[in-house]
Amino acid sequence: MPESPAPEPDSQPEARCVLVCQYQSCLKNGSAAVLAAFEAQQVAGVKVEACSCQGQCTTGPTVRVTPDEIWYCRVKPSDVPLIVEQHLKEGKPVEALFNQRIHGRYYY
């Protein structure tokens, strides 16, 4: 029996997407302004989208970058230029803004 051809790997990596929560508690903490700040930055190859609750209500506004799976918490509009430059353009996530529930650090 002949072998099936192996699937060809995707030549394009998955595009980055910035998801900015626009649900109740995040909205109360200013996520609409955070979304507007990201939309104003326009980075090639990066989509910015409003999303519903991401389950991190006490640490909002929540911003999640996929496919990197980096979660930022308590993001302010003034944080957006740093996230854009350092993470989205240079590929170095901004650890100071990490959601510690998701990106916990262990020290011994």
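**Briefing: sheet, cis peptide bonds and positive phi values**

Glutamine 42 is exposed, with a relative accessible area of 69% (exposed means over 50%, buried under 20% and partly exposed in between, with a 1.4 Å probe and protein chains only). This is a predicted model, in which local features need pLDDT of at least 70, side-chain atom pairs count only at pLDDT 80 or more, and totals for chains, interfaces and linings use all residues. Residues are numbered from 1 along each chain as its sequence is written, and side-chain values use heavy atoms, with hydrogens and water left out. Helices (H or I, at least four residues) and strands (E, at least two) are DSSP runs, numbered from the N terminus.

**The sheet**

- Four strands form an open sheet: the 4 strands follow the order E2-E1-E3-E4, with mixed pairing (two strands pair if DSSP finds at least two bridges between them).
- Strand E2 (46-51) and strand E4 (70-72) are at the edges and have a single partner strand each, so one side of each lacks a neighbour in the sheet.
- On average, neighbouring strands of this sheet are turned by 20° against each other, direction ignored.
- Strands E3 (residues 63-66) and E4 run antiparallel and are joined by 3 bridges.
- Opposite valine 65 stands isoleucine 70 of E4.

**Helix on the sheet**

- Helix H2 (residues 31-41) packs on the sheet and touches strand E1 (16-21), E2 and E3, where contact means heavy atoms within 4.5 Å.
- The direction of H2 makes about 155° with that of E1; axes are lines fitted to C-alpha atoms, for helices over the stretch in contact, and angles run from 0 to 180 degrees between N-to-C directions.

**Backbone features in the loops**

- Most residues other than glycine have a negative phi, and most peptide bonds are trans.
- The peptide bond from glycine 60 to proline 61 is cis, with omega near 0°, and proline 61 belongs to the loop between E2 and E3.
- A cis peptide bond, with omega near 0°, also leads from threonine 66 to proline 67; proline 67 is in the loop between E3 and E4.
- Glutamine 42, a residue other than glycine, has a positive phi near 45° and is placed in the loop between H2 and E2.
- Arginine 74, likewise not glycine, has a positive phi near 50°.
- The loop between E4 and helix H3 (80-89) holds arginine 74, which is partly exposed at a relative accessible area of 49%.
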